[in-house]
Amino acid sequence: MLLEVRDLHVEFRTRDGIARAVNGVSYGVDAGETLAVLGESGSGKSVTAQAVMGILDIPPGRITGGEVIFQGRDLLKLKEEERRRVRGAEMAMIFQDALSSLNPVISVGDQLAEMFTVHRGMSRKDARARAVELMDRVRIPAARERVRQYPHQFSGGMRQRIMIAMALALEPALIIADEPTTALDVTVQAQVMELLAELQRELRMGLILITHDLGVVADVADRIAVMYAGRIVESAPVHDIYKAPAHPYTRGLLDSIPRLDQKGQELYAIKGLPPSLTHIPPGCAFHPRCPLARDVCRTDEPPLYEVSATRGSACHFWRECLNG
Ligand code: SF4
Ligand code: MG
């Protein structure tokens, strides 16, 4: 395994009390593999990724347990300086909002070139040439001219390509993309996602793709981990999930995807809202919203049951769910 997160716990102190943002998350990703982490906002998917990257805001965020094993060592035990080196060269993150991640007053070429001068000790001239190559690689037309332009001179989709170029610059072993296409138009979304998937395959990187949209992961992910209230509620190969979900929450997410053959029909949406992380319901955290809930769900927290060798579900009634 390239990356293995084991039993991770993260808490935040808030005015309402302790928010338990991540409650025992375990997942892994191999080189050349894409893991999609799916869930509504507040499910803990971004916080888990930030803990992996070592960019959790401290305070208020605090890792209270677990391990993050990356290429054989536990990142949580490294000193901040070593951590920074790993973050710079071996893992990279792509965020939703390129405009706020890029420096507005430095040309994109200079920002890309800086990756090579700072981390690889290249001359400015060589670094510039590499910047143009990278822009070509993420298919920005007329890279040689556009390398001198500033972030605001690019469209949203092109800016997101620049973010991908920045993340790829040092050929990291792992990329974490947090809602990389959420801010884009649907057609541009598909193009950017395709590009990211293609480069990931070519470079045999591990990719963790964080999204709230099950619709975008079908073609690119190998596995899906579904998060709810800071836990993984279902983890499975992507085709298993599409064939038949083994958790009612996954089923709700699947039924919320717009389908071409159902045009005009009202979409099923999961009723209610995700719980506050300071007041997670007892038993199964999903029970207030679950159409299959019964008494035991209100008192007994479901473990991650083994559905198959490669699949787990945190639902007492996963068999029932699976059989639809
Ligand atoms: Fe629903 Fe109960 Fe399964 Fe939770 S354990 S998802 S409440 S059926
Ligand atoms: Mg988020």
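## Reading a predicted chain and its ligand shell

Guide: Of the 13 residues around ligand 1, those that come nearest are C284, C290, L292, C297 and C315, where a residue is near a molecule if its C-beta atom, placed from the backbone, lies within 6 Å of it. This is a predicted model, in which local features need pLDDT of at least 70 and side-chain atom pairs count only at pLDDT 80 or more, while totals for chains, interfaces and linings use all residues. Residues are numbered from 1 along each chain as its sequence is written, and chains are lettered from A and ligands numbered from 1 in the order in which they are written.

Visitor: How many nonpolar, polar and charged residues does the shell around ligand 1 have?

Guide: The classes put Ala, Val, Leu, Ile, Met, Phe, Trp, Tyr, Cys and Pro under nonpolar, Asp, Glu, Lys and Arg under charged, and the others, Gly among them, under polar. On that basis the shell around ligand 1 has ten nonpolar and three polar residues, and no charged ones.

Visitor: Is A221 buried or exposed?

Guide: A residue is buried if 20 or more other C-beta atoms lie within 10 Å of its own, exposed if 12 or fewer, and partly exposed in between, with C-beta atoms placed from the backbone. A221, found in the loop between β8 (206-211) and β9 (223-228), is buried because 25 other C-beta atoms lie within 10 Å. Not counting residues up to four places away in sequence, A221 touches T34, L35, A36, L209 and V238, contact being C-beta atoms within 7 Å.

Visitor: What is the phi of D7, and what is that of E179?

Guide: Most residues other than glycine have a negative phi. Phi of D7, however, is near 50 degrees, a positive value, and phi of E179 is likewise near 50 degrees.

Note on methods: Helix = DSSP H or I, 4+ residues; strand = E, 2+ residues; numbered from the N terminus. Contact = placed C-beta atoms within 7 Å.
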